[in-house]
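Have the structure open as you read.

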Amino acid sequence: MLFSVCVDGKINDDAFVQEIDQEIREVKQIENERVSYMTLAMKMMEERKEGRKEGVASVAVSMLKLKLSLDVIQAATELPLEAIKKLAVENNISI
């Protein structure tokens with residue numbers, strides 16, 4: 001598709017200038033897509049990390065309900081003892 005390209009404030013219909021302009025547009029589009037992809041990848045990584053935390057907490061709560069010892073729960077989940085105690089309180093589980 002031929003169209004006029006503005007170079008230094010002047011309209012230029014030269015095919016070579018148009019080809020360069022098109023390449024620049026494509027590179028900019030690729031860069032925008034790369035940034036979008038990286039943003040999405042970072043968001044997914046954060047969501048996976050949050051999901052893992054929720055999963056570990058869920059396992060700890062299940063173990064608390066089974067009345068397993070805090071030492072066993074801590075070893076299995078690698079959660080700090082205080083975090084396990086907090087989960088017990090939040091879920092009305094006596095330890």
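H1 passes H2 in a right-handed crossing. In this predicted model, the axes of H1 (residues 15–65) and H2 (residues 70–77) come within 10 Å and cross at roughly 160°. Angles over 145 degrees count as roughly antiparallel, so H1 and H2 are roughly antiparallel to each other. On the H1 side, the residues that meet H2 are Val56, Val59, Ala60, Met63 and Leu64, and their partners in H2 are Leu70, Val72, Ile73, Ala76 and Thr77. By class, this contact of H1 with H2 has nine nonpolar residues, one polar residue and no charged residues.

H1 also meets helix H3 (81–90), again in a right-handed crossing. Here the axes cross at roughly 70°, and H1 and H3 are therefore roughly perpendicular to each other. Ala57, Ala60, Val61 and Leu64 in H1 meet Ile84, Leu87 and Ala88 in H3. The class count for this contact is seven nonpolar, no polar and no charged residues.

| Helix pair | Axes come within | Crossing angle |
|---|---|---|
| H1 and H2 | 10 Å | roughly 160° |
| H1 and H3 | 10 Å | roughly 70° |

Now for the core. The largest nonpolar core has ten residues in all: Ala60, Val61, Met63, Leu64, Ile73, Leu79, Ile84, Leu87, Ala88 and Ile93. H1 and H3 are the elements that give two or more residues to this core, and the largest share, four residues, comes from H1. Which residues does Ala88 touch, not counting residues up to four places away in sequence? They are Leu64, Ile93 and Ile95.

Technical notes: Residues numbered from 1 in each chain as written. Predicted model: local features only at pLDDT ≥ 70, side-chain atom pairs only at ≥ 80, totals over all residues. Heavy atoms only, no water. Axes fitted to C-alpha atoms, helices over the stretch in contact; angles between N-to-C directions. Parallel < 35°, antiparallel > 145°, perpendicular 65-115°, else oblique. Left-handed = near helix turned anticlockwise from the far one by under 90°. Contact = heavy atoms within 4.5 Å. Nonpolar A, V, L, I, M, F, W, Y, C, P; charged D, E, K, R; others polar. Core = buried A, V, L, I, M, F, W, Y, C linked by side-chain atoms within 4.5 Å. Buried < 20%, exposed > 50% of the residue type's maximum accessible area, 1.4 Å probe, protein only.
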